[in-house]
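Please keep the model open in a viewer and follow the selections below in order.

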Amino acid sequence: MLMDNVVSVDIYQLDLWAGKQLLWTASFKPSEHVKPRAPGNLTVHANVSHTWLLTWSNPYPPESHLNSEITYLVNVSNENDPKDFKIYNVTYLGPTLRIAASTLKSGASYSARVKAWAQSYNSSWSEWSPSATWLNYYQEPLEQRLPLGVSISCVIILAICLSCYFSIIKIKKEWWDQIPNPAHSPLVAIVIQDSQVGEQAGEDASDCVYQEVSLWGKRSRVQEAAKCPYVYKLRS
């Protein structure tokens, strides 16, 4: 039903007739049942300081009562991840929105759309505007890149340490373990055995001398000589 300019105090009486029979009657206040038009001409511009500037047009001309009453809701979503989205309430008069690129994922493609609402008229939301897409990219500041750099450095240091450890083990197995060990030489074993035999012979010789000096012993000289082959026998 076409109407003239809407006035907030206007009230209309609605009657529904079937012939001469009244089927339904009610009052209707247009200012309490407003659904604004959808905004249009949504565009995205790259601004200074890594900021995206979103602009759109007001759906009503300046002479309309709704022109200065419209507020907006902006939806910005990641096209590759439906769960990654942000909602911005634009309650100021101008149909613009600035978004810092750092609040969005770098290298991701985003889309934005806008709908309108007339708060003073307690209206419902308009339909969504056509969406605008752009690729978000920005250089992360040093403090945001530092944790990643530290993690990569730790992994590299760990890899170098493990590489050195296994290299040392391999060199020790192929080169160091092949060097002859004097402690395992047969010559050392012979020298040690000869020294032990010499010490034992010295002890036996001492015992033999003690027995030969004793003039009261009654052992045979043959037995003494057999026991002590390196000791000269004394004769009385």
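Begin with the open sheet of four strands, whose order is S6-S5-S8-S9 with antiparallel pairing; strands are DSSP runs (E, at least two residues) numbered from the N terminus, and two of them pair if DSSP finds at least two bridges between them. The model is predicted: local features need pLDDT of at least 70, side-chain atom pairs count only at pLDDT 80 or more, and totals for chains, interfaces and linings use all residues. Residues are numbered from 1 along each chain as its sequence is written, and side-chain values use heavy atoms, leaving out hydrogens and water.

Select strand S6 (85-90) and strand S9 (132-135) next: these are the edge strands, each pairing on one side only. Ser109 stands opposite Leu135 in S9.

Now display the largest nonpolar core, which has 26 residues, with Leu54, Trp56, Val74 and Val76 making the most contacts inside it. Such a core is a set of buried Ala, Val, Leu, Ile, Met, Phe, Trp, Tyr and Cys residues joined through side-chain atoms within 4.5 Å, where buried means under 20% relative accessible area (1.4 Å probe, protein chains only). S8 gives the most to this core, with five residues.

Finally, select Trp56 and Tyr72, both of which are buried. Where is the charged end of Arg113? It sits over the ring of Trp128, 4.4 Å from its centre; the criterion is CZ of Arg or NZ of Lys within 6 Å of the ring centre and within 35 degrees of the ring normal.

Terms used
Buried means under 20% relative accessible area, exposed over 50%, partly exposed in between (1.4 Å probe, protein chains only).
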